[in-house]
Amino acid sequence: MKYRIIVVLIIAIFFGSMSAFAGLSDGLIAYWPLDGNGKDESGNGYDAELKPGAKFTDKGWMNGAVEFDGAGGHVIVDDAFQLTTIAITVVARINGWKTIDWSGIVVGRSDPASFWLGVAANNTLTYVWNNNNAETWNWQGAPAIPQDTWALVAIAIEEEKATSYIYHRDNGKLDSAENEIVHIEQTVKNLKFGWDECCGARYFKGIIDEVMIFERTLSANEIEDLAVGGLPVESKGKLATTWGAIKGK
């Protein structure tokens with residue numbers, strides 16, 4: 001009887017853990033593992049294309065990734081991608097650095113609304129929203145991005161605040177800070193990875209892996225779960241194989 005109870009508890013813990021990870025895919029609208037191709041594994045068909053100076057590499061945090069030369073290399077997402085929302089979380093795994101201030105990691109430029117996630121002038125992870133309002137891109141309180149080492153970076157926007165997250169793979173630390181301002185509904189489109197097309201050569205140099213976009217605001221616990229355990233994608237009846245495939249430090 002004692003052993004039966006232990007087995008039941010183990011099974012319950014296992015499936016409870018699986019359920020928690022499965023919930024991470026709630027609200028997922030685009031997911032690019034970048035494992036040797038630009039396919040959007042969310043099932044929504046927003047595939048991406050590499051441009052000269054960007055190439056696939058097997059040196060990703062989770063399986064493959066894209067390496068950017070910092071001199072023109074970038075990735076363009078299918079222009080069918082368009083999201084109008086007031087709640088969004090954009091996530092990427094990175095290992096690299098800016099070529100100049102405001103180098104873009106995940107950027108969607110449009111007029112008058114733009115989304116931007118990248119390396120700000122003060123080397124922090126900040127964002128653009130509210131029709132390019134300076135209260136977003138000139139926010140001074142965001143955490144600093146580590147240079148040339150693996151980190152998971154994320155911006156989570158909601159109506160009354162935005163949170164910048166950086167998970168450091170080397171020490172397992174999650175840094176975060178909140179920009180407590182009101183955010184408006186706006187449209188994200190014209191997505192690119194590794195480049196901010198706004199103002200010349202704002203290229204990211206290094207590796208970008210596992211770009212994800214959610215139409216909801218993820219919590220700190222969910223960001224940490226993504227960083228540590230990866231994302232189980234429930235897409236058209238298929239479970240992604242990247243879950244749990246994180247390489248060693």
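## Exercises: charges, rings, a strand and a disulfide

The charged end of R169 sits over the ring of W61, 5.4 Å from its centre. This is a predicted model: local features need pLDDT of at least 70, side-chain atom pairs count only at pLDDT 80 or more, and totals for chains, interfaces and linings use all residues. Residues are numbered from 1 along each chain as its sequence is written, and side-chain values use heavy atoms, leaving out hydrogens and water.

**Exercise 1.** Find which residue lies over the face of W61 at 4.5 Å from the ring centre.

*Solution.* Start with the rule: NZ of Lys or CZ of Arg must be within 6 Å of the ring centre and within 35 degrees of the ring normal. The residue at 4.5 Å is R93. R169 also has its charged end over W61, at 5.4 Å.

**Exercise 2.** Classify the ring pair W102 and W137.

*Solution.* Step one is the rule. Rings of Phe, Tyr and Trp (its six-membered ring) pair if their centres lie within 6.5 Å; planes under 30 degrees apart are stacked, over 60 edge-to-face, the rest tilted. The count by this rule is 8 aromatic pairs. Step two: the centres of W102 and W137 are 6.0 Å apart and the planes stand at 80°, so the pair is edge-to-face. Step three: W102 lies in the loop between β7 and β8 (103-108) and W137 in helix α2 (residues 134-137), so the pair ties together parts 35 residues apart in sequence. Helices (H or I, at least four residues) and strands (E, at least two) are DSSP runs, numbered from the N terminus. Ring pairs link W102, W116 and W137 into a cluster.

**Exercise 3.** Decide whether strand β11 (residues 151-157) is enclosed or open.

*Solution.* Buried means under 20% relative accessible area, exposed over 50%, partly exposed in between (1.4 Å probe, protein chains only). In β11, 7 of the 7 residues are buried, so the strand is largely enclosed by the rest of the structure. Check each face. A151, V153, I155 and I157 are buried on one side, and L152, A154 and A156 on the other. Now find the neighbours; strands pair if DSSP finds at least two bridges between them. Strand β7 (residues 88-98) runs antiparallel to β11, with 7 bridges. A92 has V153 as its bridge partner. Strand β12 (residues 162-168) is also antiparallel to β11, joined by 7 bridges. There, I155 partners S164. β11 and β12 form a hairpin with 4 residues between them.

**Exercise 4.** Locate the disulfide.

*Solution.* The cut-off is a pair of cysteine sulfur atoms within 2.5 Å. C198 and C199 qualify, S to S 2.2 Å. C198 is partly exposed at 38% relative accessibility, and C199 is partly exposed at 40%.
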